[in-house]
Amino acid sequence: MRRVVTGHDEDGRSVVVSDGPVPRSREFTSLPGWVSRLPWATDPGGPFSRAGEDPTPKVTSLLPAPGGTRFIVLTFPPDTAMADPAFDPVAFDREQRADSPGIAELIEPDGMHTTPTVDYGIVLQGEIVLELDDGHRTRLSAGDIVIQNGTRHAWRNHGDRPATMAFVLVGVPHDGERA
């Protein structure tokens, strides 16, 4: 996956300051086919960098604070990968916690989770199922978008090919909080 970042030169003109692979990208060894990428992030109230410095090395939580954002791209292998006898859920959890601090701690054993965010998701490749806590399932395919409003959900790949989704997470105040 290629990431192009723009910024400004010393005269204030727009320029490309970075063009290359997403530097914060991880292919999990505990679950082949699971790939997590963090192309960009912003903190609440912070100004954007005119020089286009990469903020991702400083990110300590993939869960953005209210007003912050995280741009995450995930590739989900088929669910059958987790049924493989070689799959080690403890090792996968360890990798998740190292790669996705802030969010990994919220993921339940069955994959369900709730985050205090509004998530804009788009299926880039493949097909995936959005499962809600009432058991309702919605099949999504390449080009489909989903707006996830802080609801409890899980992603299921019932197909035989990987599915890739891009998400922009926007941190929102918890009920009763003000931004």
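## Basis of the model

The structure is a predicted model in which local features need pLDDT of at least 70 and side-chain atom pairs count only at pLDDT 80 or more, while totals for chains, interfaces and linings use all residues. Residues are numbered from 1 along each chain as its sequence is written, and side-chain values use heavy atoms, with hydrogens and water left out.

## Overall architecture

The protein contains 2 helices and 11 strands. Helices (H or I, at least four residues) and strands (E, at least two) are DSSP runs, numbered from the N terminus. In that direction the order of elements is β-β-β-β-β-α-α-β-β-β-β-β-β. The radius of gyration is 17 Å, close to the 16 Å that the globule rule gives for 179 residues, so the protein is as compact as a globular protein of that length. This radius is taken over C-alpha atoms, and the globule rule is 2.2 Å times the number of residues to the power 0.38.

Along its principal axes, the C-alpha trace spans about 55 × 40 × 30 Å. Of the contacts with a separation of 6 or more, 65% are between residues 24 or more positions apart; contact means heavy atoms within 4.5 Å.

## Burial, surface and charge

Of the 179 residues, 37% count as buried. Buried means under 20% relative accessible area, exposed means over 50%, and partly exposed lies in between (1.4 Å probe, protein chains only). The accessible surface comes to about 10,300 Å², and carbon and sulfur atoms account for 54% of this area. Accessible areas come from the Shrake-Rupley method with a 1.4 Å probe; for residues, only the protein chains shown count as cover.

There are 17 positive and 26 negative side chains, and the centres of the two sets lie 3 Å apart. Lys and Arg count as positive and Asp and Glu as negative, whereas His and the chain ends are not counted. The place of a charge is taken as NZ of Lys, CZ of Arg, CG of Asp or CD of Glu.

## Helix α2

Helix α2 covers residues 89–99, and its buried residues are Ala91, Phe92, Glu95, Gln96 and Asp99. Viewed down the axis of α2, these residues fall within an arc of 140°, so they line one face of the helix. The arc is that of the directions from the helix axis to the C-beta atoms.

The buried residues of α2 pack against β3 (25–27) and β4 (35–42). On the face turned away from the buried side, α2 carries the exposed residues Val90, Arg94 and Ala98.

## Individual positions

Thr69 belongs to strand β5 and is partly exposed, at 22% relative accessibility. Leaving aside neighbours within four places in sequence, Thr69 is in contact with Ala41, Thr42, Pro64, Leu169 and Val170. Its C-alpha atom is 8.3 Å from that of Trp40, 29 residues away along the chain. Lys58 is found in the loop between β4 and β5 (69–76) and counts as exposed, at 72% relative accessibility. Lys58 and Ala41 are 17 residues apart in sequence and 9.5 Å apart in space, C-alpha to C-alpha.

His136 occupies the loop between β7 (127–132) and β8 (137–141) and is partly exposed, with a relative accessible area of 44%. Beyond its neighbours within four places in sequence, His136 is in contact with Leu130 and Glu131. Pro173 lies in the segment after β11 (163–171) and is also partly exposed, with a relative accessible area of 28%. Pro173 and Asp43 are 130 residues apart in sequence and 14 Å apart in space, C-alpha to C-alpha.
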